[in-house]
Amino acid sequence: MNDDSFDHTRVQQLLGAWALSACSPEEHKQVDAHLTGCAECTAEADQLRSAVDLLHPHMDLDLPPGLRAEVIGACLSTRRPEVSVPEYAQPYDAETARLDALLADLTGDEWSAPVQLKWMQDEDTATRDTTVAGVLGHLLAVDGMVAKSLGLPDPAAPAEDGTTDPRERTEALWQQIAQGTAGEGAPDLDSMREVWRDHAYELIRTCSFAGGGVADIAVPYGDGVMLPLRLALLDRAFETWIHATDIADAVDYPYTPPVPDHLRTLISVAVQMLPSILAARRQAGLASPPLPLIEPGAEARSLRLRIEGESGGDWYLPLDGPDGPAGPENCVGHVVLDEVDFCRLAAGHLAPRHAAAGQEGDSTAAAELLYAITSMSRL
Amino acid sequence: MTGAPERAAQWERRIQVRLVRGEAAALGELYDRHARSVYAIAARLVGEDKAAREIVTEVFAHLWQHPQTYDPARHRLGTWLAMDTRERVAERAKGDGPGPVAPRQAPTEPEFTEPRAERIAADRALGALSTRVRAVLQLVHTGHRDYRRAASELGISEEETLRCLRAGLRSVAGAGGIGAEDR
């Protein structure tokens with residue numbers, strides 16, 4: 001077919017079928033060729049193609065969960081990036097992308113679906129009622145602390161006193177949104193998703209350009225706690241996943257755990273923190289059930305924690321001081337947890353007494369460990 | 001005032017610069033914005049998940065390796081990616097033997113997903129279309145026929161089939177708030 005018989009009018013006729021990929025291969029090529037030179041047809045082609053994205057059900061296939069990592073991995077192996085996303089930011093990158101894909105599917109009503117946030121406080125379950133939009137506001141308010149430490153504008157810009165307490169920041173942001181008093185660049189209900197998404201992209205981008213140079217800058221996390229940026233971002237990845245499951249539950253949507261590599265990183269970071277948490281709880285006299293008295297000179301004990309699943313592992317944790325010896329020779333008990341249950345426990349979404357898949361030996365020590373894990377949770 | 005289309009065009013120019021610069025974070029943003037429709041086209045045309053994933057990988061890998069081949073002044077990125085996806089499917093089909101394009105089988109059991117707000121508006125627009133337009137659209141879109149086969153199955157002319165597809169998509173676009181823009 002030559003150009004004369006295959007003209008503008010013919011392309012216009014074909015555009016609907018073209019947008020649905022329902023022409024012959026030759027016709028597709030001819031339309032494609034025509035589009036490079038015709039603004040009018042290009043505009044209509046874009047419009048019709050976008051319309052196809054709105055049709056369902058078959059076009060509305062969920063993206064396979066592992067595909068993002070697969071595609072990006074394949075790309076980066078064919079051309080090495082000049083500026084890479086640092087390893088400590090990759091779980092955050094992946095989890096914000098997954099949550100955003102879930103948010104893309106929400107209808108207007110679903111944004112106001114009720115959500116009850118749960119965490120452990122003073123050895124008991126604390127709750128706070130909010131909505132799907134409120135959960136995203138909470139994520140943004142806490143992500144903002146990381147942004148601030150990097151010198152980026154704080155999107156939540158709450159409390160004039162510049163509090164670094166995650167809960168206070170969240171409440172302040174919620175209040176601003178409710179009263180419509182959010183400042184410049186801060187989100188309102190309509191722009192929440194966009195502000196949160198752009199903010200996450202900006203964080204990832206800033207870390208990429210700064211690379212290892214910022215991995216250890218201190219991020220204030222409330223209560224005098226300081227986390228190095230690389231741990232703070234892993235915490236944000238963890239929280240993004242956990243709160244995405246809150247949102248998914250509220251709108252009755254399935255949601256899978258992070259890819260195994262990322263889940264493994266999140267789990268091992270949490271496990272590494274356990275010895276000092278156990279010690280801090282002992283010092284604070286926080287032990288329920290109460291700790292047995294340790295006789296002076298008694299041998300330091302350890303407990304074996306086995307986390308089952310592809311991202312799990314096997315650890316001996318010192319029970320009597322974070323630097324104490326830990327191994328089979330001084331092991332007094334054994335706790336087995338499923339990998340996702342470990343995370344839900346650490347998020348305060350699962351009660352310690354329901355968590356263990358298996359337990360042997362010293363039950364007091366085992367309970368102490370389960371409570372230490374769940375004490376990591378907060379709003 | 002900058003409207004949504006202008007912002008989208010800006011984003012496309014910017015993402016290309018970032019890809020040229022070799023920014024891995026830009027690749028993630030590109031994937032997040034376009035993977036869904038690239039995968040949908042690939043899955044629909046090859047009808048099989050593994051092959052569809054490979055096509056998606058090829059499409060993004062090509063743009064990552066050769067970001068200069070995309071010209072933001074000429075094409076919207078979504079359209080360009082759709083063209084590239086179809087070409088790769090066609091090439092693959094050639095290599096696999098007979099048939100101009102890979103068999104247009106239905107993908108197996110799509111997962112149920114909650115509709116987006118625009119999609120609900122699109123549904124309403126579909127309901128308002130004439131029975132004929134709806135039948136053609138359905139046969140091509142969910143029945144995976146090309147337009148010639150749809151025409152012969154419905155006993156209408158090819159021209160009429162093309163007219164129905166174009167008119168149907170235009171109404172859906174209108175209801176979904178997608179305007180045609182001049183570039």
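Q: Is the crossing of α2(B) and α3(B) left-handed or right-handed?
A: The crossing of α2(B) and α3(B) is right-handed. Bear in mind that this is a predicted model.

Q: What angle do the axes of α2(B) and α3(B) cross at, and how many Å separate them?
A: The axis of α2(B), residues 24–46, comes within 9 Å of the axis of α3(B), residues 49–65, and the two cross at roughly 140°. That makes α2(B) oblique to α3(B).

Q: Which residues make that contact?
A: From α2(B) they are Leu27(B), Tyr31(B), Ala35(B), Val38(B), Tyr39(B), Ala42(B), Ala43(B) and Val46(B). From α3(B) they are Asp49(B), Ala51(B), Ala52(B), Ile55(B), Val56(B), Val59(B), Phe60(B) and Trp64(B).

Q: And by class, what is in the contact of α2(B) with α3(B)?
A: The contact has 15 nonpolar residues, no polar residues and one charged residue.

Q: How many helices and strands does chain B have?
A: Chain B has eight helices and zero strands. Its pattern along the sequence is α-α-α-α-α-α-α-α.

Q: How much of chain B is buried?
A: Of the 183 residues in chain B, 39% are buried. As for contacts in chain B between residues at least 6 apart in sequence, 62% join residues at least 24 apart.

Q: Now the contact between the chains. How many residues come from chain A and from chain B?
A: Chain A puts in 67 residues and chain B puts in 72 residues.

Q: Which elements of chain A give two or more residues to that side?
A: On the side of chain A that touches chain B, they are α1 (8–19), α2 (25–35), α3 (39–54), α4 (67–78), α5 (90–104) and α8 (192–210) of chain A.

Q: Which one gives the most?
A: α3(A) gives the most to that side, with 14 residues. By class, the side of chain A that touches chain B has 36 nonpolar, 16 polar and 15 charged residues.

Q: Different topic. What is the strand order of the sheet in chain A?
A: The order is β6-β5-β7-β8 (chain A), an open sheet of four strands with mixed pairing.

Q: Which strands stand at the edges?
A: β6 (313–318) and β8 of chain A stand at the edges. Each has a single partner strand, so one side of each is left without a neighbour in the sheet. The twist from one strand to the next averages 15°.

Q: Do β5(A) and β7(A) run parallel or antiparallel?
A: β5(A), residues 302–308, and β7(A), residues 331–338, run parallel and are joined by seven bridges. Ser302(A) stands opposite Cys331(A) in β7(A), and Arg304(A) stands opposite His334(A) in β7(A).

Q: What about β7(A) and β8(A), parallel or antiparallel?
A: β7(A) and β8(A), residues 358–361, run antiparallel, with four bridges between them. Val336(A) stands opposite Gly358(A) in β8(A).

Q: Which strands does α10(A) lie across?
A: α10(A) lies across β5 and β6 of chain A and runs at about 15° to β6(A). α13(A) packs on the sheet as well, touching β5, β6, β7 and β8 of chain A. The direction of α13(A) makes about 45° with that of β7(A).

Q: At what angle do α10(A) and α13(A) pack?
A: α10(A), residues 260–283, and α13(A), residues 363–374, pack at an angle of about 105°, with axes 9 Å apart. That makes α10(A) roughly perpendicular to α13(A).

Q: Which residues make the contact of these two?
A: Leu274(A), Ile277(A), Leu278(A) and Arg281(A) of α10(A) meet Glu368(A), Ala372(A) and Ile373(A) of α13(A). By class, the contact of α10(A) with α13(A) has five nonpolar, no polar and two charged residues.

Q: Something on backbone angles. What is phi of Ser21(A)?
A: Phi of Ser21(A) is near 55°, a positive value in a residue other than glycine. Ser21(A) sits in the loop between α1 and α2 of chain A.

Q: Is Ser21(A) buried or exposed?
A: Ser21(A) counts as buried because it has 24 C-beta neighbours inside 10 Å, and the cut-off for buried is 20 or more.

Q: And what about phi of Asp252(A)?
A: Asp252(A) has a positive phi of about 60° although it is not a glycine. Asp252(A) lies in the loop between α9 (229–250) and α10 of chain A.

Q: Buried or exposed, Asp252(A)?
A: Asp252(A) is exposed, with 9 other C-beta atoms within 10 Å.

Technical notes:
Residues numbered from 1 in each chain as written. Chains lettered and ligands numbered in written order. Predicted model: local features only at pLDDT ≥ 70, side-chain atom pairs only at ≥ 80, totals over all residues. Contact = placed C-beta atoms within 7 Å. Nonpolar A, V, L, I, M, F, W, Y, C, P; charged D, E, K, R; others polar. Axes fitted to C-alpha atoms, helices over the stretch in contact; angles between N-to-C directions. Parallel < 35°, antiparallel > 145°, perpendicular 65-115°, else oblique. Left-handed = near helix turned anticlockwise from the far one by under 90°. Pairing = 2+ DSSP bridges. Buried ≥ 20, exposed ≤ 12 C-beta atoms within 10 Å, placed from the backbone.
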